[in-house]
Amino acid sequence: MNRSRSVVAALAVSLAALQAASAEPLIGGSRNSFGLPGLIDTPSALSLPDGVIGASTYFGAGGQRHSFAFQITPRLTALFRYSRIDDYFAPDDPLYDRSIDLHLRLLDEKGWRPAVAIGVRDFIGSGAFASEYVVATKTITPTLQVSAGIGWGRLGSSNSIGAPFGARPGPAVVDGSPINYDRWFRGDAAPFLGVSWQATEKLTLKAEYSPDAYAEEVARAGFDRASPLNLGLDYRIGRSASVSAYYLYGSEVGVQVNIAIDPRRPPFPSGIEKTPLPVAPRPSRAADPVGWSGEWAAEAQVHPAVQAAVAKALSADGILLESMALSASTAEVRVRNQTYATQAQALGHVARVLTRALPPSVEYLVLTSVANGMPTSSVTLRRSDLEAMENGNSAALLTRATITDALAVSSGPLRPTDDLFPRFQWALTPYAEASIFDPVDPFLIDVGIAASMRYEISPGLVLAGSVRQKVAGNLDQSSRVPGPSPVRSDLVSYQRNGDLTIPSLTLSWYGRPAENLYARVSFGLLERMFGGVSGELLWKPVDSRLALGAELNYVQKRDYEQRFGFLDYTVVTGHASVYYDIGSGFTGRLDVGRYLAGDWGGTVSLNREFANGWRIGAFATFTDMPGAGPGDARFDKGLSLTIPIGWTTGKPTIASFTNTFGMSGGDGGARLAVDGRLYDSVRQSHVGALYSGWGRFWR
Amino acid sequence: MTAAKRLRHAPLLAVLLLAVAGCGSDAGQTETSNMARGLLKNLIGVATAGRAAEAAPSDAPTPDQIAAAALGSFAGPLMLVTLEAQGQTTVMGLYGENGPMRTYALPSEQSLILRSGILVGTRGFGFDMMSAETDAVAALILARKEGAAAKVQRYLDAENVERPLPMECAVSRGDKSEYEVAGLKFRGIQMVEICAFQGQAVGSAYLVSDKGAVLASRQWIGPELGYVTLQTLRP
């Protein structure tokens, strides 16, 4: 029996190895100079692996391209690009541009059928790279792939086969315009062809015929396109990086660095944080009759002593015990998780600490999560289940847990933890602020020191603020001209002032008016550019996929010095919001209301979230903002990316890094940037997030 | 004694891991916390001693010396542990006990969880085994019987889901064996467990005493962490 097993084993291993060898190039391991799977200038019909984020930086003939590609679904890739096209307007007068691509794989390779994809490149705004394509890719041998397709726009600009779908209109609006649907797949079309050969495990060689005539560059700046043939190589470094080198247009060279990050392949899936405290089972009834009787509950000194011990142990674990109720049978703790990115893991630590500290008669443990002073959810567990199921299958314990709204449980009077409030914290940190790839100011940066403080008067009542002092930099040398009716387009006027500014100083109140309801009121210098008052109400049942929110703000424009002065512009702005957890990691959001310029409209957002905290999102805003100049864009759109810091280090932290790749930064569709919005903090401890993170309960 | 002295001056890493003191009405709880505190202090002392010795290669402590130092400075249950992937031998001490399940902590603040001597989890290694179903194989191994049984080990994936790895295991009986460490002798019968999954096979071995206790073992944690070798120093 053993022998036959090992034969099977050997066979399976070799089969797996074969699959790995042929699967490697199919996941789009090598990218083109625009950052999407492909050859050099031309695309292929491949995709990145699902969920992967690919960053590429290209330097070479024609300029620079810095691309961020997101594999939003297994078939759909979105890409945001900062680019510099050398000599675009005239020699030494480059174009700095931002562009977005979409690439959709329609068909997979099957039998004799090739994979087929369709894509639009740089489809918004001026469209310096604007092109569309249909492409097919066929794997000839496990290491050889051929891609062929038809391109429009730049990809149809030489050796055209005609214009099958009619003439291509000019771009409607120079900047910030809506999507140019009417140009897609119009005008001259031309075929393109590419071959990629995986010479060794690490080295891929590529050759292509590209119909891009580089007409603008040739005409304006004497760019030399001697040949439509491009050659390239891509060399893999480790699991997630590669470098590419190109010989282009018969006259030029280019180099590129690619990095692919798969949110589902962290360096340490289970984290490297220290081992948690184990459960301590209770002594037998005979060994501790007093503890089991519950008579201790009548003694006034027991509760404070237990609470102090629990608070101390939790604080050493990075969790704050805000208050506690204790009776002979039930204990409720209200805890603020300051350490673990997954709330379920923090609750697992709390539960185990309680088994070590509570007298034996306490059977019901109510773990109430607190966010910004608001109790959000209560997880009720039986202590005997924890004892019997410690370090077992976490899913089994979840079936024994009850999750309710925190206001729906009544465990008796909650005693605040001694010496916790008022609570003062401060920090001194360096900061950097940059303006990159702006059409006027390609690269400006300031660095300096920021001091921040947070004074919690009582749970949910917080005075918080920060002060900044620039130490060095050149943002004050910006030559950008502020917009005419400044809302956001005068950002440069704020950036020029770096001396002792107050980015924010607010007094905020967070509370629970009723079950399922959450409220916030913030007053003061709400953000760098606006001050005033902001109120928000959120309806979100603990187990609901749907949430509804309303926000109303009355704000005045802050003075450019960013201290306590104000400019002569006030506005009432606010939104009604619908949030929906679609499932499979997707969340959608719709905001409708009035924006900062007084314009009315709506924002649609779609996010893909991983349980480990990675988030990739896209948003689009449409408003009735009049005018069509660069500062008055009534259509804003962009991508956003959130990276949890703990994912990269393996160490526990709730910190994360978010970057938004926006297109316009104009006055239309601009929203207030107030701190402490309710939805994201509340839902971390609601049923959806607790379920998806429950695998870490015993971690 | 040097170890003990050193430990007094050792940075109090142990503070981070302190167990909760009891509420006053429950002496057993207070004791547990003191035990955990003492254990960690001692382990840190032993580890520091080991590190200091490593500086002079000619003086590198043998497993025997590590074991003797640990036995001398700590009163609770102890095991000698080698993570083969790291090639490092150290001592781990009892950190928590819940029925037949024992959690042993390493000086590195990581832990191994054993149920009746069979590995059911790890914590703090980055690719931890989160839980395991070992009752069926344990029944054979502890009774020193041959047979086939199922086993499941679970690992956290990047989406915080515990992914099960179901295995079919064959348990067979080997020779009598014994080992000696720090002057202590341990005798038993070797039980070999070959587990197959997804076309692969991994083998573990257990030295089981006449009383049905696992004295020493070499066990497979998982694809990334590989094998760990465990030897009882004090049961």
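Ile118(A) stands opposite Val134(A) in strand E6 of chain A. These residues belong to a predicted model, in which local features need pLDDT of at least 70, side-chain atom pairs count only at pLDDT 80 or more, and totals for chains, interfaces and linings use all residues. Residues are numbered from 1 along each chain as its sequence is written, while chains are lettered from A and ligands numbered from 1 in the order in which they are written. Helices (H or I, at least four residues) and strands (E, at least two) are DSSP runs, numbered from the N terminus.

**The barrel of chain A**

- The strand that pairs with E6(A) (residues 131-141) is E5(A) (residues 115-121); the two run antiparallel and are joined by 7 bridges. Two strands count as paired if DSSP finds at least two bridges between them.
- Both strands are part of a closed barrel of 12 strands in chain A, which runs E1-E2-E3-E4-E5-E6-E7-E8-E9-E10-E11-E12 with antiparallel pairing.
- From one strand to the next, the twist averages 20 degrees. Axes here are lines fitted to C-alpha atoms, and angles run from 0 to 180 degrees between N-to-C directions.

**The two chains overall**

- Chain A contains 11 helices and 31 strands. Its radius of gyration is 29 Å, close to the 27 Å that the globule rule gives for 699 residues, so chain A is as compact as a globular protein of that length. The radius is taken over C-alpha atoms, and the rule is 2.2 Å times the number of residues to the power 0.38.
- The C-alpha trace of chain A spans about 95 × 85 × 45 Å along its principal axes.
- Chain B contains 4 helices and 12 strands.
- Of the 699 residues in chain A, 44% are buried; of the 235 residues in chain B, 44% are buried. A residue is buried if 20 or more other C-beta atoms lie within 10 Å of its own, exposed if 12 or fewer, and partly exposed in between, with C-beta atoms placed from the backbone.
- Among contacts with a separation of 6 or more, residues 24 or more positions apart account for 57% in chain A and 45% in chain B. Two residues are in contact if their C-beta atoms, placed from the backbone, lie within 7 Å.

**Domains of chain A**

- Chain A is divided into domain 1 (21-261), domain 2 (289-420) and domain 3 (423-458 + 460-688). These bounds come from an automatic or database domain assignment.
- The centres of domain 2 and domain 3 of chain A, taken over C-alpha atoms, are 34 Å apart.
- Contacts link 19 residues of domain 2 to 23 residues of domain 3 in chain A. On the domain 2 side, the elements giving two or more residues are strands E15 (364-371), E16 (374-382) and E17 (402-405) of chain A. The largest share of that side, 4 residues, comes from E16(A).

**Nonpolar cores**

- A nonpolar core is a set of buried Ala, Val, Leu, Ile, Met, Phe, Trp, Tyr and Cys residues joined through C-beta atoms within 7 Å.
- The largest one has 102 residues, and those touching the most other members are Val310(A), Ala331(A), Val350(A), Leu354(A), Leu367(A) and Ile141(B). Helix H5 (residues 343-357) of chain A gives the most to this core, with 8 residues. Domain 2 and domain 3 of chain A each supply at least three residues.
- Leaving aside neighbours within four places in sequence, Val350(A) is in contact with Leu314(A), Ile319(A), Val333(A), Val335(A) and Leu367(A).
- A second, separate core of 19 residues includes Ala69(A), Ile72(A), Phe129(A) and Ala618(A).

**Helix H4 of chain B**

- In H4(B) (residues 135-142), the buried residues are Val137(B), Ala138(B), Leu140(B), Ile141(B) and Leu142(B).
- Their cover includes strands E5 (118-123), E7 (147-156), E8 (162-181), E9 (184-197) and E10 (200-208) of chain B.
- Arg144(B), which follows H4(B), has a positive phi near 55 degrees.

- E26(A) (residues 566-583) and E27(A) (residues 586-594) pair in the antiparallel sense over 9 bridges, and Tyr580(A) stands opposite Gly588(A) in E27(A).
- Their hairpin has 2 residues between the strands, and Ser584(A) takes a positive phi near 55 degrees there.
- E27(A) also pairs in the antiparallel sense with E28(A) (residues 600-609) over 9 bridges, with Phe586(A) opposite Arg608(A) in E28(A).
- The hairpin of E27(A) and E28(A) has 5 residues between the strands, and Gly598(A) in the turn has a positive phi of about 85 degrees.
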